[in-house]
There are 2 protein chains.
Amino acid sequence: MRETTLKQIAETLGISITTVSKALKNYPDVSASTKKAVVELAEKLNYTPNTFAVNLRTRESKTIGLIIPEVVHHFFSNVINGIIAEAEKNGYLVIILQSNESIELEKKQVEHLLNKRVDGIILSLSNESNDDNHIKEIIKRGIPFVQFDKIAKLINSSKVIINDQKAAFEATEHLIKKGCKKIAHIRGPVNPQNAIDRFLGYKKALEKYNIPFDYNLVYTCKDVVFEEGIEFAKQITQQHPDVDGVFIITDLVAVGFIAYCNENNIKIPEKIKVIGFSNWFMSKVITPKLSTVDQPSFEMGVKSFDLLLEEMNARKEQKPFYPKTIELGTSIIERESSK
Amino acid sequence: MRETTLKQIAETLGISITTVSKALKNYPDVSASTKKAVVELAEKLNYTPNTFAVNLRTRESKTIGLIIPEVVHHFFSNVINGIIAEAEKNGYLVIILQSNESIELEKKQVEHLLNKRVDGIILSLSNESNDDNHIKEIIKRGIPFVQFDKIAKLINSSKVIINDQKAAFEATEHLIKKGCKKIAHIRGPVNPQNAIDRFLGYKKALEKYNIPFDYNLVYTCKDVVFEEGIEFAKQITQQHPDVDGVFIITDLVAVGFIAYCNENNIKIPEKIKVIGFSNWFMSKVITPKLSTVDQPSFEMGVKSFDLLLEEMNARKEQKPFYPKTIELGTSIIERESSK
DNA sequence: CTATTTACCGAAAACGTTTTCGATAATTTC
DNA sequence: GAAATTATCGAAAACGTTTTCGGTAAATAG
């Protein structure tokens, strides 16, 4: 028992496949009576067009690909949410792939999606990524493409980002205004643009307020995980007992930092003030509640899809498309850890 | 500039499309020399088969659909992770859709996937689901189908679950063994099977240890969110100040419960012991650390896909397939909140 | 040297849809 | 009543692949 096809409907009605197809798509050159007959029979037989055939014929699948470093990540799952919601609203489905923060896997996933012939690709770079060739391949093949969050700056594609440098500046400034005199920074890995930018923002804030910058106060994460927060908290408090403020690349690590301090009776915010980044859900449930930088993750997903859609539509209509960059706003959320 | 096709290769090589296709698929009836020529040219022209055409011809897309209530959920994102990983290992891609805990949307998403003609569907029911018709439709159409976590018990499909009743029994027993005499339960919504089972496990544990069951000590979540934890903590501590233990449907709500107690100076575990469910990441970063029931979420994803794959393969080979149910083990994780 | 096997190749159908371009019949216009 | 217009339909090509089934030429067997 196969699925119903146009042919079956045509044969039982004694008309041509062409007419059936046209009737269902409401072409003007089909009489009202046959239209009615076709639609009714289609309804009765539960006809739905064979997507595979439609894809082949129309050269599009109404499916896009999304590559992110990790699904299990509060920020990314929020972005996914935004992308899926917006995609669905516009009749698109989303295939999700992970790079697991590995450049090799990321390349493989891009290859996957190109072979699959998705209508467009949205991507956030892995921390390892320091090579552009797979990205260039997407552009070369003319596949609509949007980057978000962790981007390759030099690639000429649409982008949805926040101003990491500005946000980091404000976070650091926040600590300074709360009275911190010696501020450490736990930064992200060396490659990702946003880790670099946040570091620069931190540095600029120190400069503005005439606080000497000291490289020994900068600690670099490798995997950006909870455990690194614990480890660096230990190092910082032992090596620099006079540090009174820390700006940390992301909340997950900041939560590790706080966990260590809690266990070792180092008072936050009295002894050290802490501010994280990204406003993870857990930030408001730990003790003390973590101050952080709010990043509009859901909206980032929505905007990313919107830009992709614009490009896909332009492509279909053979119109030129000029990549756009959307910069979303951030805001400091003050909680107990920096009071 | 179109993508390379078999036809192009055939024409430049002066051979037939058939031979090119066979050469690339390593058929035995193609000479080594032409095989070599074809493969080399294909390589040079960056040939990849047109998925749309392959799908149409082979009647499969190597794509499966996944419907879950929420992506932004530690448990589900872990399951997604498992499914995507296992799917990819076996050459399948995954389209993800959310039901947002709405039965209407869930039905729509099922419809979506059926129209899209995915090779199989994996689903976890929304909390609202109390109607089977869309599920039955999947079965009726003969699409390979697996349910996990929140399942429709009566549907004859493969399932991957935990023994919620047993796990809840053990969680409650854990509290009893820690000395609790009056134990409240914050349960999930009325429909989902796992909320029912966990409630039954709680009740059974009380019975076994001769603790009278009191309906007034059972509180029912509607949305299963953080805020409900806060609200019920307030109600429980005010209405029943002698309650000394609480078993809570899931960690997210338990964290809310703890947050309220922390703010109102109600000591955990001294005054009230708390145990949650699912071992969310945040459970080990809050203060006090939350005892919980560990649920193998990643593995749940892997097993779900494995069962789906079995069914998809059986279907392709026209062999009969008998749905299986896999029950995964859980374990009590004792942390500070129940010490 | 004929008969049979083996090696290699290709024509053609099929998957199900969309769309172009004629064709016919019915209707209107003058 | 002939000419032009309109309404309605369908043949056929195309999208790119896979696979069946024959066919020819070369190699082997007797």
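Q: Which element supplies the largest share of the surface near DNA strand D?
A: In this predicted model, 26 residues surround DNA strand D, the closest being S16(A), D29(A), T5(B), L6(B) and A53(B). At least two residues of that surface come from each of α2 (17–24) and α4 (51–58) of chain A, and likewise from each of α1 (6–13), α2 (17–24) and α4 (51–58) of chain B. The largest share amounts to five residues, and the element that supplies these is α4(B).

Q: How many charged residues does the surface near DNA strand D have?
A: The surface near DNA strand D is made up of 26 residues, which can be sorted by class. Ten of the residues are nonpolar and ten are polar, and the number of charged residues is six.

Q: Are helices α6(B) and α7(B) roughly parallel or roughly antiparallel?
A: Helix α6 (residues 103–116) of chain B packs against helix α7 (residues 133–140) of chain B with the axes 9 Å apart and at an angle of about 15 degrees. Because angles under 35 degrees count as roughly parallel, the arrangement of α6(B) relative to α7(B) is roughly parallel.

Q: Which residues of α7(B) meet α6(B)?
A: The crossing in which α6(B) passes α7(B) is left-handed. On the side of α6(B), the residues that take part are E106(B), K107(B), V110(B) and L114(B), and the residues they meet in α7(B) are H134(B), E137(B) and I138(B).

Q: Which element gives the largest share of the side of chain A that touches chain B?
A: Between the two chains, 31 residues of chain A are in contact with 30 residues of chain B. On the side of chain A, two or more residues come from each of α4, α5 (74–89), β2 (93–98), α6 (103–116) and α11 (251–263). By class, this side has 17 nonpolar, twelve polar and two charged residues. The largest share is six residues, and the element that gives them is β2(A).

Q: Why is K204(A) partly exposed?
A: K204(A) has its place in helix α9 (residues 193–208) of chain A, and its C-alpha atom is separated by 9.0 Å from that of T172(A), 32 residues apart along the chain. A residue is buried if 20 or more other C-beta atoms lie within 10 Å of its own and exposed if 12 or fewer do, with partly exposed in between. K204(A) is partly exposed because the number of other C-beta atoms within 10 Å is 17.

Definitions and conventions:
Residues numbered from 1 in each chain as written. Chains lettered and ligands numbered in written order. Predicted model: local features only at pLDDT ≥ 70, side-chain atom pairs only at ≥ 80, totals over all residues. Near = placed C-beta within 6 Å. Helix = DSSP H or I, 4+ residues; strand = E, 2+ residues; numbered from the N terminus. Nonpolar A, V, L, I, M, F, W, Y, C, P; charged D, E, K, R; others polar. Axes fitted to C-alpha atoms, helices over the stretch in contact; angles between N-to-C directions. Parallel < 35°, antiparallel > 145°, perpendicular 65-115°, else oblique. Left-handed = near helix turned anticlockwise from the far one by under 90°. Contact = placed C-beta atoms within 7 Å.
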